[in-house]
Amino acid sequence: MIALGCIALGAVLLMLLSAMPKVRMEHCSVFAFVTLLIGLILTLASFGELFTFFPLPKFFHKMLIVDSYSVYFDAIILSGALVTSLIGTHYFQAKRHFKKEFFSLFLFSVFGMMLLVHASELLSAFIALEIASLSLYVMIGFQKVHDKRVEASFQYLVLGSLAGIFFLLGSAFVYAGLGTTILGEMGNRLDTLMGKDVSLVIIGATLILATFLFKISAFPFQNWTIDVYDGSSLPVSAFMAATFKVAIFGFILRLMLVDFDPIRDTWDTLFIVVIIATLLYGSFLAIIQKSLKRMLAASSIVHTGYLLIAFVSIGYAGESAASSIIYYLVAYFLSAMGAFGLISYIAADEHVRVTYEDFRGFAHVHPYMAAMLSVFMLSLAGIPSTIGFVGKFYIFTGAIEAGYTFLAVCGVVATFVSVYYYFKLIALMYFYPACDSDWKDVPSLKGITPLTIGLIALAIIWGGIGNTFIAYFPGVDFLIDTARLSYMSLFIK
Amino acid sequence: MGILSWIIFLPMAVACVLLVLPVGAKATRNGAFGVSLIIFALAFYVHEHFVPSAQMQFYEQYDWIKSYGIAYRVGVDGFSLIVLMLIATLLPSAYLLLWHNERSKSYWISMLFIQSGISGTLFSLDLFLFYFFWEAMLLPVFMIIGLFGSGNRVFSTLKITVYTIMGSLFMFVSILYLGVSHYYEFGAWSFALSDLVRISSLTQAQEMFLFAGFMIAFAIKIPLFPFHSWLLETYSTSPTGGVFLLSSIMAKLGVYALVRFTMPLFPDLFVAYARFFIGLGIFGLIYFGIAAIVQDNIKKMLAYSSASHLGLITAGVFSLNIQGLTGSAFLIVAHAIATGGLFLLVGVMQRHLGIRPLSALGGIAKRAPWFSVYFAIMLFCTVGIPGTNGFVAELLIVLGIFHYNPYFGVLAALTVLVAASYMFWVFQKAILVQSGNDVSHMRDLSFHEIVGLFPLAFLIVAMGVYPDFFLAKITPTLHYYLDTILHVGANA
């Protein structure tokens with residue numbers, strides 16, 4: 001909670017500071033970084049404990065909640081933001097068009113995301129969602145290279161607002177059906193109504209789910225994804241793909257697990273169709289892309305599909321499925337952050353485009369960067385010895401536990417297809433002789449950005465191998481255990 | 001850490017160190033060779049201290065992902081022991097033969113990683129761990145073919161990768177399903193083989209699907225008949241070391257995993273579908289044999305002949321009696337030595353003469369006597385001339401199949417002879433007869449290579465003359481498989 005306040009304060013201060021002519025962009029970047037770091041430290045102080053409470057009940061009236069669950073998500077979001085700012089350092093400096101306000105907006109969007117996972121009431125959730133989204137709309141437009149940037153920003157703005165309206169309408173329906181919008185109480189009311197007609201609630205919840213599906217870019221709401229990711233600058237794409245998705249899942253999981261638990265099986269069939277369509281269509285989109293950035297955008301749709309497999313399994317294998325979502329979010333977050341981050345580092349100079357073909361023979365010129373990029377690709381593809389593999393293991397196990405073996409097989413087929421488009425990059429980087437001079441513009445490995453990316457690569461391998469031999473060091477077990485702990489905190493009465 | 005962990009992780013650790021250190025290709029090669037010698041010593045130690053019984057020995061267990069009951073469980077029994085000895089003997093020899101071939105550092109690093117992966121797969125007694133090594137092993141293979149192959153290597157690399165990953169992913173689902181079934185039946189998570197074999201709640205249909213999941217993965221790796229389309233391209237584009245690993249080690253691991261995992265997990269299905277798989281094996285024997293005859297490239301021909309023998313090995317495994325199973329275990333070793341040796345020799349020849357069709361060879365015996373002698377020994381073993389271990393193995397398998405079904409037995413006996421006899425023709429044409437082709441660039445084997453191949457030739461003869469010595473340690477395990485796991489009795 002203090003962390004939340006700290007980020008909000010930082011954002012406002014930064015907004016005021018950036019109006020001063022003496023403050024330069026580098027200062028703003030450092031300020032944002034420090035704010036995020038303080039927030040993360042404050043969050044980690046209560047990480048891994050089991051608790052839940054409503055902060056300042058007189059003032060907020062149960063609109064916000066603080067529990068192990070939200071703290072866990074806070075930690076992920078804040079680390080995501082931190083990593084984004086670390087990775088972006090080089091990019092922001094190389095591309096001169098980033099203004100000082102960018103960092104203020106960045107902090108505001110982080111604040112919105114954190115607020116979202118703390119939200120314990122539908123309207124405060126909506127406000128949080130809009131804070132995060134509005135900041136992102138502007139952040140997407142913050143670049144000058146891509147001629148599609150306005151289109152991307154505008155497309156996301158229009159469609160996102162439309163999705164937001166669904167959320168509002170849904171909340172209205174839920175209120176009409178239950179007489180409350182406070183999480184927890186909604187669930188209790190719903191329990192007492194069991195056996196009676198709850199179609200208003202179902203309609204309302206379906207509309208809310210539609211917003212959710214839009215934001216995580218599941219089928220049939222995926223069309224904006226590729227254009228928007230492609231149109232925005234790379235660090236922003238990374239931030240959206242990895243961090244924003246975490247926050248959205250954070251809220252919707254809480255809603256589904258706690259409140260709509262009694263009526264959750266209503267959507268099972270719908271979700272199965274959505275999952276299969278998402279996996280199929282996402283894989284198809286990813287295969288046909290020539291640009292790496294667009295491929296990563298399309299593959300993020302496929303990863304949404306995997307996450308939804310776990311999401312639908314929650315009904316029958318609650319604990320393992322829910323913690324598998326949380327774990328997979330971390331796994332995806334690390335791999336996507338690394339991939340986007342490294343590509344943004346390589347492409348910081350505008351002469352380098354980022355299509356597959358551009359990476360022909362890359363490994364012979366820049367062996368370390370190629371190795372890191374390979375690690376990220378392997379993790380995204382879910383090859384053993386990376387964290388992506390363990391994440392997939394949890395998700396598929398949860399699905400089979402819930403009786404959805406068929407969905408696990410679908411996921412496996414999508415994984416198999418994904419091997420093609422991820423390995424294609426590795427093959428291009430390693431198996432061709434280096435091309436003439438295209439890589440002169442690539443900066444050498446110096447500074448904070450490559451260091452962060454290297455650490456992410458190590459974390460990915462560590463997460464995949466775990467703590468077999470080195471005791472007392474957090475590894476695979478630690479992450480999944482804390483995920484389970486945070487899941488448990490949802491059910492403390 | 002126990003001795004098995006050392007065998008698994010030493011190559012990997014050395015590879016990581018060498019990768020970071022600024023050393024050249026030569027130093028890396030020497031390091032890799034040194035490691036392979038150490039591994040041989042360790043394996044020999046394991047062999048000497050292995051008590052001939054069906055028990056798992058040198059067992060080690062460390063927790064890994066506790067919440068899912070996944071642990072690092074490794075152990076060795078008679079069957080894995082013989083494969084371990086095989087690998088430990090083959091690799092130093094292979095390194096000596098590749099000594100001048102590959103001048104790149106990453107080649108040797110990949111070899112070291114592959115060695116770790118192989119040992120890990122071999123010792124795993126936890127299905128999650130097994131899958132981990134099985135799949136991770138693919139990455140260095142991917143690198144070695146893609147980086148050092150010839151021809152259309154990128155395409156064939158992607159093809160073998162996608163192909164094998166497809167197979168293993170089905171196996172992955174099967175493994176997960178078994179884990180979940182164990183959880184529902186016993187209330188606790190576990191992926192240990194010894195726990196999963198106790199599952200009794202599966203219906204016939206479920207078992208069928210799971211069995212199929214495992215079989216597809218293994219059939220692709222071996223390869224069995226309809227899953228072989230990666231074989232030709234991969235073998236002809238791979239560098240010598242890659243082909244050697246694929247044919248004499250990875251393919252054998254497929255058969256090994258078949259016995260180690262599918263047999264105890266699905267004993268009923270194993271027995272019920274034995275006829276089908278023997279048929280498939282014999283069909284592969286004939287089909288690949290014919291395919292081998294028509295090849296004009298010696299590498300492609302060896303690729304098919306290798307697949308043909310693997311069909312025979314598979315048929316022997318499914319013959320469900322001690323002769324067939326022992327024969328298969330024996331042929332795994334014999335064939336690995338012989339084909340491995342042949343591929344390495346062909347690699348030496350290619351280094352001198354370049355890649356040539358068979359019709360452009362001839363008269364090599366005169367220029368390279370050592371080469372020809374070794375070539376002949378390996379060849380005799382492949383064909384199964386009495387006095388070589390290939391003869392003993394093939395005889396046992398044919399006997400085993402004969403026990404299972406006389407018609408199959410007759411068919412196998414006939415085709416073993418026919419399908420292998422083309423090798424003589426190749427030997428005659430490529431090595432013995434003067435054909436007027438220019439082979440003046442051919443050099444005889446160097447000292448390294450002569451020393452490297454000696455253990456292989458020695459084993460071929462020793463195992464052929466005195467097989468009992470080599471069978472003593474594995475027979476109890478094989479009896480255990482048949483009597484206790486399959487309940488079919490030793491001589492049924």
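Chain B holds 22 helices and two strands. Helices (H or I, at least four residues) and strands (E, at least two) are DSSP runs, numbered from the N terminus. Chain B has a radius of gyration of 22 Å, close to the 23 Å from the globule rule for 492 residues, so it is as compact as a globular protein of that length. That radius is taken over C-alpha atoms, and the globule rule is 2.2 Å times the number of residues to the power 0.38.

The model is predicted: local features need pLDDT of at least 70, side-chain atom pairs count only at pLDDT 80 or more, and totals for chains, interfaces and linings use all residues. Residues are numbered from 1 along each chain as its sequence is written, while chains are lettered from A and ligands numbered from 1 in the order in which they are written.

The C-alpha atoms of chain B fill a box of roughly 70 × 60 × 45 Å along the principal axes. Of its 492 residues, 59% count as buried. Buried means 20 or more other C-beta atoms within 10 Å of the residue's own; exposed means 12 or fewer, and partly exposed lies in between, with C-beta atoms placed from the backbone. Among contacts in chain B between residues at least 6 apart in sequence, 81% join residues at least 24 apart. A contact needs C-beta atoms, placed from the backbone, within 7 Å.

Now look at helix 11 of chain B. Its 26 residues (240-265) should span 38 Å at 1.5 Å a residue, and the end C-alpha atoms are 36 Å apart, which agrees. The expected span is 1.5 Å times one less than the number of residues. Helix 11 of chain B is largely enclosed by the rest of the structure, because 25 of its 26 residues are buried.

Turn to the contact between the chains. Chain B gives 30 residues and chain A gives 26 residues. On the side of chain B that touches chain A, helix 7 of chain B supplies the largest share, 16 residues. The residues of that side divide into 22 nonpolar, five polar and three charged. Ala, Val, Leu, Ile, Met, Phe, Trp, Tyr, Cys and Pro count as nonpolar, Asp, Glu, Lys and Arg as charged, and the others, Gly among them, as polar.

Val162(B) sits in helix 7 of chain B. Val162(B) is partly exposed, with 15 other C-beta atoms within 10 Å. Val162(B) touches Val419(A) and Tyr420(A), not counting residues up to four places away in sequence.

Definitions and conventions
Two residues are in contact if their C-beta atoms, placed from the backbone, lie within 7 Å.
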